[in-house]
Amino acid sequence: MAEIPVPTSLSAWKALEAHLPHVAARHLSELFREDPERAERMSLDAAGVYLDYSKNRITSETLSLLLRLAEESKLRARIDAMFSGEKLNSTENRSVLHVALRSPASARISVDGKDVVADVHAVLERMGALSDEIRSGKRTGATGQRIRQIVNIGIGGSDLGPAMAYQALRHYSDRELSVHFVSNIDATDLAETLLRVQPETTLFVVCSKTFTTQETLANARSAREWLVSKLGEAAVKQHFVAVSTNEKEVSAFGIDTADMFGFWDWVGGRYSLTSAIGLSLMLAIGRKRYAEMLGGFHEMDEHFRTAEFSKNLPVLLGLIGLWYVNFLGAESYAVLPYDQYLARFPAYLQQLDMESNGKGVDLAGRRVSYQTGPIVWGEPGTNGQHAFYQLIHQGTKLIPVDTIGFIRSLNPLGRHHDLLMSNLFAQTEALAFGKTAEQVAKEGTKPELVPHRVFLGNRPSNTLLLDELTPAALGRLVALYEHKVFVQGALWQINSFDQWGVELGKALATRVASELESKAEPELSHDGSTNALIRRYRARR
């Protein structure tokens with residue numbers, strides 16, 4: 001392996017540190033006043049997405065240095081390596097090829113000398129066939145009734161991806177099919193879902209690559225018991241399908257392996273939406289709309305792969321985000337979609353970003369001395385405006401924001417969409433330029449209230465505009481953020497594709513569960529706090 005540089009040792013990084021004082025003291029109002037063409041220069045229309053990044057605390061020199069950092073970090077080589085199937089996930093010796101999941105059938109991408117695109121399209125065809133049968137009523141439940149409810153059972157990427165996308169594309173779904181998502185090991189999640197479905201008309205989609213995931217299998221077994229209690233053992237085969245690679249365990253569960261849809265070890269969980277993990281979504285929107293979504297993903301993939309960095313949407317978002325994290329000290333960023341259909345999008349991005357880049361060790365195994373993945377959060381506008389925008393506008397923390405909006409509403413109703421979008425545009429204006437004490441005083445505000453009504457401004461934002469929330473548009477958006485995360489991981493020299501941080505808690509939970517369920521008093525050897533909590537729980541449950 002080539003020597004892995006420490007990012008802070010690169011000349012571009014040092015140049016950015018030297019450049020920082022010249023920008024940190026500048027206000028956005030000043031930058032716009034000095035450069036009337038700033039908005040035109042700092043915007044990009046590509047791959048169906050319009051990005052206005054002019055309201056960021058950057059200058060042309062900042063951008064130039066950030067682009068130099070990308071070059072010195074060998075970002076282009078990392079991009080090429082991912083698309084060619086090299087094993088970028090070094091700790092697990094795996095390729096990182098979610099881009100293959102949305103490649104056209106004519107593409108050729110190899111892993112260990114084998115073209116994987118044909119396998120991808122074979123699974124897509126099987127998914128499409130099941131979708132056609134369910135949606136047409138050709139395939140029924142055990143009593144001959146049509147399937148009317150889908151229950152997706154998974155966790156992490158096996159839940160967040162399809163749940164987010166189903167909510168986002170609900171406008172295009174078959175309204176005679178309701179789709180529910182169960183992920184939490186808390187029995188309430190499953191129990192409340194089962195109250196909303198009928199056994200005769202429900203299909204369960206169990207999503208677990210290994211078919212051993214504790215939470216997923218506990219929920220699946222309880223759902224199975226519920227179904228069997230209503231319809232008998234023989235009904236399992238007609239009411240359960242699996243997204244998994246473990247044929248033995250799937251068969252032992254009672255699922256026909258003809259109804260098992262596999263995917264590959266080069267698909268990370270948080271990047272798996274466009275694999276068979278998207279089966280529940282395809283059942284809801286149909287194979288045609290699903291294909292349109294894949295087309296949007298692929299369009300952004302190709303843009304990322306081929307566009308020069310200065311005109312590359314994921315690269316620009318990644319570089320600007322890094323500027324705030326590593327040079328201006330921001331610890332979080334907010335994603336604020338101005339579309340109710342994207343209500344779950346910030347939660348989806350939390351896993352995508354924080355599980356990918358929440359790393360404290362670089363590719364060489366060294367502890368890093370610089371900040372990596374930021375905290376990601378957000379809610380749809382305008383709801384968030386009445387909740388946490390106060391902190392963003394007048395608080396003491398620097399919180400860059402991404403606002404996302406659509407030119408046309410899928411549900412045009414009176415003035416609603418104009419009012420929604422007016423809020424998006426107004427909020428980014430207010431964040432950037434604020435309101436001075438002089439402006440407040442001119443409004444006749446009492447002197448003692450003036451400080452309370454001042455907005456300092458200089459709060460940065462990106463605005464992403466798309467024409468309409470179509471399946472293709474969703475694909476473009478998700479791929480855009482996937483590749484943004486990749487860019488930042490590459491510049492930080494970390495592995496964005498493993499997640500060892502989730503393992504320790506899972507292993508300890510297995511041990512604690514056996515102690516909680518033990519009939520005899522267990523001999524505990526945890527720390528004093530954990531031992532006391534276990535004893536109290538056992539004594540009082």
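**Strand E7 and its surroundings**

User: Happy to dig in! Which residue of E7 is the bridge partner of Ile 153?

Analyst: Good place to start, keeping in mind that this is a predicted model. Ile 153 belongs to strand E5 (residues 149–153). E5 and E7 pair in the parallel sense over five bridges. In E7, the bridge partner of Ile 153 is Val 206.

User: Which residue in E8 does Val 205 stand opposite?

Analyst: E7 also pairs with strand E8 (residues 240–243), in the parallel sense and over four bridges. Within E8, Val 205 has as its opposite residue Val 241.

User: Is His 180 buried or exposed?

Analyst: His 180 sits in strand E6 (residues 178–182). Its contacts include Gln 149, Ile 150 and Val 151. The cut-off for burial is under 20% relative accessible area. Because its relative accessibility is 12%, His 180 counts as buried.

User: How are H5 and H19 oriented to each other: roughly parallel or oblique?

Analyst: Helix H5 (residues 75–83) packs on helix H19 (residues 471–492) with axes 10 Å apart, at an angle of about 125 degrees. Roughly perpendicular covers 65 to 115 degrees and roughly antiparallel starts over 145. H5 and H19 are therefore oblique.

Technical notes. Residues numbered from 1 in each chain as written. Predicted model: local features only at pLDDT ≥ 70, side-chain atom pairs only at ≥ 80, totals over all residues. Heavy atoms only, no water. Axes fitted to C-alpha atoms, helices over the stretch in contact; angles between N-to-C directions. Helix = DSSP H or I, 4+ residues; strand = E, 2+ residues; numbered from the N terminus. Parallel < 35°, antiparallel > 145°, perpendicular 65-115°, else oblique. Buried < 20%, exposed > 50% of the residue type's maximum accessible area, 1.4 Å probe, protein only. Contact = heavy atoms within 4.5 Å. Pairing = 2+ DSSP bridges. Lists of a residue's contacts leave out its neighbours within four places in sequence.
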